[in-house]
Amino acid sequence: MATMLVVDDDPAWRALYQMAFDGRFEIWEAMDGQHGLSLLDSVNPDVILLDLRMPRMDGLDFIRRLDLRGVHAPIVVCSGTFTDGEKPSIPGVQLTPKTPDLRDLWDALCAAVPEVARTVAQAQHGVLAGEETYWRD
């Protein structure tokens, strides 16, 4: 199972991500950038889900420090600080709006970690194949 490090200061968003992606990812949570950096060596994430506005260390500083450490895990920034027309360009980082509708976020995670998308597709195919073997009234 792929490992996700969620770095977000809001416990409600962390809980939503936990509910939405549990079972598809092993999820680790950090309350800000400093906490996220302290978890990197023990977690070794396959993907990092990152907020931009946080106390102590914001998301952009977190990305800079990852680069200095030579960490190249895919990053998906999920933030309410930009709109479609105002997204900053951060090389190698997927950007999605922070909304309760997680479809854009899920698409970005699948693009960042393709093996997760393949695993989910295989599971869905297996369920559909299994459903065809049962008679229904």
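**Rings and their neighbours**

Let's start in helix α1, which covers residues 11–21: Trp-13 and Tyr-17 both sit there, 4 residues apart, or about one turn of the helix. (Helices are DSSP runs of H or I with at least four residues, strands are runs of E with at least two, and both are numbered from the N terminus.) This is a predicted model, where local features need pLDDT of at least 70, side-chain atom pairs count only at pLDDT 80 or more, and totals for chains, interfaces and linings use all residues. Residues are numbered from 1 along each chain as its sequence is written, and side-chain values use heavy atoms, leaving out hydrogens and water.

Now for the rings. The structure has 4 aromatic pairs. The ring centres of Trp-13 and Tyr-17 are 6.0 Å apart with planes at 35 degrees, so this pair is tilted. (Rings of Phe, Tyr and Trp, using its six-membered ring, pair if their centres lie within 6.5 Å; planes under 30 degrees apart are stacked, over 60 edge-to-face, and the rest tilted.) Both Trp-13 and Tyr-17 are buried, meaning under 20% relative accessible area, with exposed over 50% and partly exposed in between (1.4 Å probe, protein chains only).

Phe-21 and Phe-25 make an edge-to-face pair, 6.3 Å centre to centre with 85 degrees between the planes. Phe-21 is buried at 2% relative accessible area, and Phe-25 is buried too, at 0%. Ring pairs tie Phe-21, Phe-25 and Trp-106 into a cluster.

Last stop: Met-31, in the loop between β2 (25–30) and α2 (33–43). Met-31 and Asp-10 are 21 residues apart in sequence and 7.4 Å apart in space, C-alpha to C-alpha.
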